[in-house]
Amino acid sequence: MSYKRILTIQDISCVGQCSLTVALPIISACGVECCVLPSAVLSTHTAGFDGYTFRDLTDDMPLINEHWKKEGIQFDAVYTGYLGSTKQIQYVMDIFNSAAKAGSFKIVDPAMADNGKLYPGFDAEFVSAMKKLCGKADYVVPNITEACFLTNTEYRTEYDEEYINELIAKLISLGSKNVVLTGVSYAPSKTGVIVYDGETKQYYEHELLKNSCHGTGDVYASSFVGALVNGHSAYNSAKIAADYTVECIKETAKLDNHWYGAAFEKALPKLIKLINA
Ligand code: PXL
């Protein structure tokens with residue numbers, strides 16, 4: 001029986017249905033052991049709550065990594081999300097070098113921006129370090145805003161294939177082996193994801209729902225990683241993650257005023273079916 005162990009590095013937002021509180025249950029539901037390295041602890045996420053607390057765990061990272069080295073602990077994949085500081089990015093690269101088994105996947109979700117803007121607390125220095133981290137990845141999973149920041153491209157809400165192709169070409173030139181670009185919409189009620197391995201581009205188009213909620217990027221990246229580690233191809237993993245995320249948004253729409261996160265729990269049975277199909 002194959003039993004994989006992965007490491008995910010991102011924050012704990014105590015309330016807010018994002019980052020580790022999403023990645024842990026989703027990856028576990030995929031039948032994969034999920035180890036964690038919290039980048040920071042926040043009382044809530046930063047998108048819509050005021051006065052949140054922020055405990056930066058940067059200084060713990062090298063100590064944790066040293067202990068893992070002594071114990072010979074390594075992982076079948078390392079997946080990074082929201083990071084807590086620019087300094088942390090170098091530590092994450094050290095962890096890529098020492099804690100990722102040979103042949104394992106390194107997946108970077110450059111969780112730092114959406115809707116044309118950086119999240120609070122991030123700046124040009126962070127973006128520049130994130131470009132380097134993306135260069136070490138097997139898969140980068142940005143949305144269009146993040147792709148624009150990573151490639152110094154003007155953010156547009158209306159675009160054509162040429163604009164997207166240019167964005168993807170610039171992303172791959174950062175050094176990642178593959179690009180998975182989310183939120184690519186060419187028609188009013190549709191959106192989709194492009195998977196590019198440096199040679200072939202594949203587009204999976206799906207429904208664009210009217211309601212949107214925070215945390216769907218984390219739901220997407222976590223289910224993508226879960227599928228990939230289960231042996232699905234990158235395209236199939238991108239498709240599974242898209243279908244699952246759509247289901248999560250539909251579940252969220254059934255709730256009153258559930259604005260801060262996606263009700264991903266209700267759709268976990270669907271994800272498990274997709275993974276095992
Ligand atoms: O979902 C991305 C995310 C993760 N973690 C924190 C955030 C956000 C988005 O705003 O604030 C703390």
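This is a predicted model: local features need pLDDT of at least 70, side-chain atom pairs count only at pLDDT 80 or more; totals for chains, interfaces and linings use all residues.

User: How are two packed helices described?

Analyst: Two packed helices are described by the angle between their axes and the distance between the axes. Take α5 (residues 144-151) and α6 (residues 161-172). Their axes come within 10 Å and cross at roughly 55 degrees. The pair is therefore oblique. The crossing of α5 past α6 is left-handed.

User: Which residues in α5 and α6 meet?

Analyst: From α5 come I144, A147, C148, L150 and T151; from α6 come Y163, I164, L167, K170 and L171. By type, the contact has eight nonpolar residues, one polar and one charged.

User: Now single residues. Is N178 buried or exposed?

Analyst: Buried means under 20% relative accessible area. N178 has 13%, so N178 is buried. This residue is in strand β9 (residues 178-181).

User: What is N178 in contact with, leaving aside its neighbours within four places in sequence?

Analyst: D138, Y139, V140, I172, Y196 and D197. Compare sequence and space, too: N178 and V195 are 17 residues apart in sequence, and their C-alpha atoms are 7.3 Å apart.

User: Where is H45 found?

Analyst: H45 is in the loop between β2 (33-44) and β3 (54-56). Its relative accessibility is 7%, so H45 counts as buried. A polar atom of the H45 side chain lies 3.1 Å from the backbone nitrogen of A47. Beyond four places in sequence, the contacts of H45 include S13, C18, Y52, H214 and W259.

Definitions and conventions
Residues are numbered from 1 along each chain as its sequence is written. Side-chain values use heavy atoms; hydrogens and water are left out. Axes are lines fitted to C-alpha atoms, for helices over the stretch in contact, and angles run from 0 to 180 degrees between N-to-C directions. Helices (H or I, at least four residues) and strands (E, at least two) are DSSP runs, numbered from the N terminus. Angles under 35 degrees count as roughly parallel, over 145 as roughly antiparallel, 65 to 115 as roughly perpendicular and the rest as oblique. A crossing is left-handed if the near helix is turned anticlockwise from the far one by less than a right angle, and right-handed if clockwise. Contact means heavy atoms within 4.5 Å. Ala, Val, Leu, Ile, Met, Phe, Trp, Tyr, Cys and Pro count as nonpolar, Asp, Glu, Lys and Arg as charged, and the others, Gly among them, as polar. Buried means under 20% relative accessible area, exposed over 50%, partly exposed in between (1.4 Å probe, protein chains only). A polar contact is a pair of N or O atoms within 3.5 Å; within protein, one must be able to donate a hydrogen and the other to accept it, and residues adjacent in sequence count only if both atoms are side-chain atoms.
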